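Here is a short report on one structure. Please look at its aromatic rings and at the ligand.

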Amino acid sequence: MAIEERVFIAGAGPVGLGAAANLVRHGVPVTVFEAGAALAEESRASTFHPPTLDMLEEFGAAAPLMAQGLVAPQFQYRTRAGVIATFDFAAIADATRHPFRVQSEQFKLTRILHERLCKLPDFRIEFGSRVAAVAQDNTAVHLTLDRDGSSERRSGRWLIGADGGRSDVRRALGVEFAGFTWPERFLVVSTPFDFRSAIADLASVSYLADPVRWHFLLEIPGLWRVMFPLAETVGDEEASSRAFAQALMAGVVPGLAHYEIAHTTLYKVHQRVARNFRIGRCFFAGDAAHLNNPLGGMGMNGGIHDAMNLTVRLAAVWNGAVPDAELDRYERQRRAVTLGYIETQSIANKRNLECANPGFDVELERTAADPQRTRDYLIRVAMIASLRRAAELG
Ligand SMILES: Cc1cc2nc3c(=O)[nH]c(=O)nc-3n(C[C@H](O)[C@H](O)[C@H](O)COP(=O)(O)OP(=O)(O)OC[C@H]3O[C@@H](n4cnc5c(N)ncnc54)[C@H](O)[C@@H]3O)c2cc1C
């Protein structure tokens with residue numbers, strides 16, 4: 001079978017299309033195989049951190065994303081008694097071109113990237129094409145695509161598995177996805193109710209620590225998303241009902257018992273990292289490589305950071321500027337910071353909200369009161385520290 005002179009990507013999520021955009025920008029022809037009939041439209045991740053915006057700006061995607069999103073310079077921690085600390089990314093304006101978060105659904109980014117990429121001759125996308133099997137040799141990857149029941153073989157030079165948490169590429173290559181699943185699931189309830197009218201000094205991103213029922217409030221254009229943990233004892237059917245969502249929401253603002261609910265999303269939460277991020281000519285990035293709880297908004301952002309780290313190296317290898325061994329740095333750098341930073345920090349964030357780390361509130365107050373500590377903290381939560389650490393790993 002003829003080998004196509006292209007990089008193949010499985011999955012047209014934010015990570016797959018981000019990888020495609022960076023490869024095409026560097027002159028590398030790309031074909032994306034997407035299992036779905038169209039781009040996903042689910043309400044999922046909605047926070048873009050400062051360095052991710054810096055990366056997206058490189059191929060013109062940051063400005064349209066900001067135009068469709070909401071700029072959030074501040075975030076805060078609260079208890080039911082009031083604000084513990086509010087942080088402003090202005091304190092790290094010398095470390096990023098975007099000293100704020102952008103709150104915008106991930107499907108807006110994939111649409112923006114897809115629309116831009118479709119105008120470029122080096123980009124192709126094939127919908128309804130599930131990567132079902134993967135083989136490789138020293139020069140090529142060989143895919144079996146499942147297209148609505150019929151299968152097709154295709155060969156290309158490299159493969160990026162950006163096909164999400166249940167990655168078929170990871171399974172096909174027999175890579176272990178070590179870690180655990182939290183017993184509780186998370187429920188996200190979206191409402192057009194403006195919480196600012198009911199909660200004093202509320203920032204667009206606000207975490208409420210509580211030993212019984214923590215939650216967080218996150219504003220996106222036209223809606224607020226409220227995320228709650230759910231006990232194992234609540235069945236999926238009950239958890240997905242409007243009555244159950246209303247009962248949870250009634251605990252957010254005292255005296256407010258009924259909300260207009262736009263939608264709810266119930267999902268399982270995992271902390272897992274693939275044993276390998278590279279197997280020969282195949283790579284894993286984004287949810288295919290790692291999963292973490294959403295506290296701190298690091299899953300999609302970390303995935304986009306993977307995509308940029310990998311594709312800049314892959315483009316250099318493609319263009320003959322560096323040897324193939326350069327690609328090993330991808331796994332060395334990104335797997336280490338995934339384990340040492342994204343997994344650790346997201347677990348600590350969850351424990352803090354559960355009030356399981358005694359004194360975390362006093363520590364936060366101290367951090368907010370000290371400019372140098374505030375700066376170090378913001379560099380860490382904005383994920384700039386993880387990128388610096390990855391670069392140091394060589
Ligand atoms: C229900 C849900 C809610 C979430 N909510 C939040 C949240 O509130 N906050 C947050 O920070 N994060 C959230 N996340 C996580 C966040 O959405 C992910 O980190 C992010 O989507 C990762 O992007 P990705 O491109 O790696 O994978 P995905 O976005 O999952 O994209 C993978 C793509 O690959 C396609 N695909 C799958 N298998 C194949 C195959 N074999 N061949 C070809 N294509 C394939 C899929 O159709 C999909 O389009 C949520 C995740 C889920 C599942």
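This is a predicted model. The structure holds 18 aromatic pairs. Two of them are set out here.

| Aromatic pair | Centre to centre | Angle between planes | Geometry |
|---|---|---|---|
| Phe8 and Phe33 | 5.0 Å | 75° | edge-to-face |
| Phe75 and Tyr377 | 6.3 Å | 35° | tilted |

The Phe8 and Phe33 pair links distant parts of the chain. Phe8 is in strand E1 (residues 7–10), and Phe33 is in strand E2 (residues 30–33), 25 residues apart. Phe8 is buried, at 0% relative accessible area. Phe33 is buried too, with a relative accessibility of 1%.

Phe75 belongs to strand E5 (residues 74–79) and Tyr377 to helix H11 (residues 371–381), so their pair ties together parts 302 residues apart in sequence. Both Phe75 and Tyr377 are buried. Ring pairs join Phe75, Phe87, Phe89 and Tyr377 in a cluster. Phe75 also meets a charge: the charged end of Arg101 sits over its ring, 5.5 Å from the centre. Elsewhere, Lys350 lies over the face of Trp182, 3.6 Å from the ring centre.

Now the ligand. There are 28 residues around it, and Glu34, Gln106, Val131, Asp168 and Asp287 come nearest. By class, this shell has 12 nonpolar, 9 polar and 7 charged residues. A backbone N or O atom of Val15 is 3.0 Å from a ligand oxygen atom. An N or O atom in the side chain of Arg44 lies 3.2 Å from an oxygen atom of the ligand. The ligand has 990 Å² of accessible area on its own, and the protein covers 85% of that. Elements giving two or more residues to the shell include helix H1 (14–25) and strand E17 (263–274).

Definitions and conventions:
Residues are numbered from 1 along each chain as its sequence is written. This is a predicted model: local features need pLDDT of at least 70, side-chain atom pairs count only at pLDDT 80 or more; totals for chains, interfaces and linings use all residues. Side-chain values use heavy atoms; hydrogens and water are left out. A residue is near a molecule or strand if one of its heavy atoms lies within 4 Å of it. A polar contact is a pair of N or O atoms within 3.5 Å; within protein, one must be able to donate a hydrogen and the other to accept it, and residues adjacent in sequence count only if both atoms are side-chain atoms. Accessible areas come from the Shrake-Rupley method with a 1.4 Å probe; for residues, only the protein chains shown count as cover. Helices (H or I, at least four residues) and strands (E, at least two) are DSSP runs, numbered from the N terminus. Ala, Val, Leu, Ile, Met, Phe, Trp, Tyr, Cys and Pro count as nonpolar, Asp, Glu, Lys and Arg as charged, and the others, Gly among them, as polar. Rings of Phe, Tyr and Trp (its six-membered ring) pair if their centres lie within 6.5 Å; planes under 30 degrees apart count as stacked, over 60 as edge-to-face and the rest as tilted. Buried means under 20% relative accessible area, exposed over 50%, partly exposed in between (1.4 Å probe, protein chains only). A charge sits over a ring if NZ of Lys or CZ of Arg is within 6 Å of the ring centre and within 35 degrees of the ring normal.
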